[in-house]
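Here is a short briefing on salt bridges and a surface patch. Please read it alongside the sequence and the structure.

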Amino acid sequence: MSEQGQGGIARNEPQCGSEQLIAAAGEYDRLGATDLYALNILELSGAMTPGELGTRTGLTTGPTTRLIDRLERAGYVRRATDPGDRRKVIVEPIAQPADLDTVLAPARRKIGEIIGGYSPEQREFLFDYFARAADALQQAAGEISSAGTSHG
């Protein structure tokens, strides 16, 4: 049984398993979970500043720099000048780990089977929810970061 948290959202629900999946995929290609997480963010969202990547991954500036250095050495990202503001640097994805699609195929297949069990209307609702929830979580992370900075 789960307790009701703020906003009526149940707490103590089972974990979704994404952490285990990322760790398993990382072990396969010798990348850390944070490395894969960052690559996924860059693949889905496109190029961004190191600060944006740090915010999205939850890393401070030092660990973000080391993360980008590792990914750059491995050939997955590059630092480039922001075309809109040449004073800024952006991090661009240029490759993904070899065989990552193959490694993730079982998870994608299983998720596809689950989604396939829903009606088109239910899928539309689910996709809308997850898109809106992801945006809300990003906004909340920004607010938390801003609040933390103003306390320091």
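**Surface patch and salt bridges**

Ile111 is found in helix α5 (residues 100-116); helices are DSSP runs of H or I, at least four residues, numbered from the N terminus. This is a predicted model: local features need pLDDT of at least 70, side-chain atom pairs count only at pLDDT 80 or more, and totals for chains, interfaces and linings use all residues. Residues are numbered from 1 along each chain as its sequence is written, and side-chain values use heavy atoms, leaving out hydrogens and water.

**Nonpolar patch**

- Ile111, Ile114 and Tyr118 make a nonpolar surface patch of about 280 Å².
- Patch residues have over 30% relative accessible area and no salt bridge, with nonpolar side chains (Val, Leu, Ile, Met, Phe, Trp, Tyr) joined within 5 Å and like charges within 9 Å.
- Areas come from the Shrake-Rupley method with a 1.4 Å probe; for residues, only the protein chains shown count as cover.
- Ile111 is partly exposed, at 46% relative accessibility; buried means under 20%, exposed over 50%, partly exposed in between (1.4 Å probe, protein chains only).

**Salt bridges**

- The whole structure holds six salt bridges (a side-chain nitrogen of Lys or Arg within 4 Å of a carboxyl oxygen of Asp or Glu).
- One of them joins Arg70 and Asp35 (2.7 Å, N to O).
- Arg70 lies in helix α4 (residues 61-73) and Asp35 in helix α2 (residues 33-45), so the pair ties together parts 35 residues apart in sequence.
- Asp35 is buried at 7%; Arg70 is partly exposed at 36%.
- Glu72 and Arg79 also pair (2.5 Å, N to O).
- Asp69, Glu72 and Arg79 form a salt-bridge network.
- Arg87 bridges to Asp85, with the closest N and O atoms 3.0 Å apart; Arg87 is exposed at 75%.

How values were computed
Helices (H or I, at least four residues) and strands (E, at least two) are DSSP runs, numbered from the N terminus.
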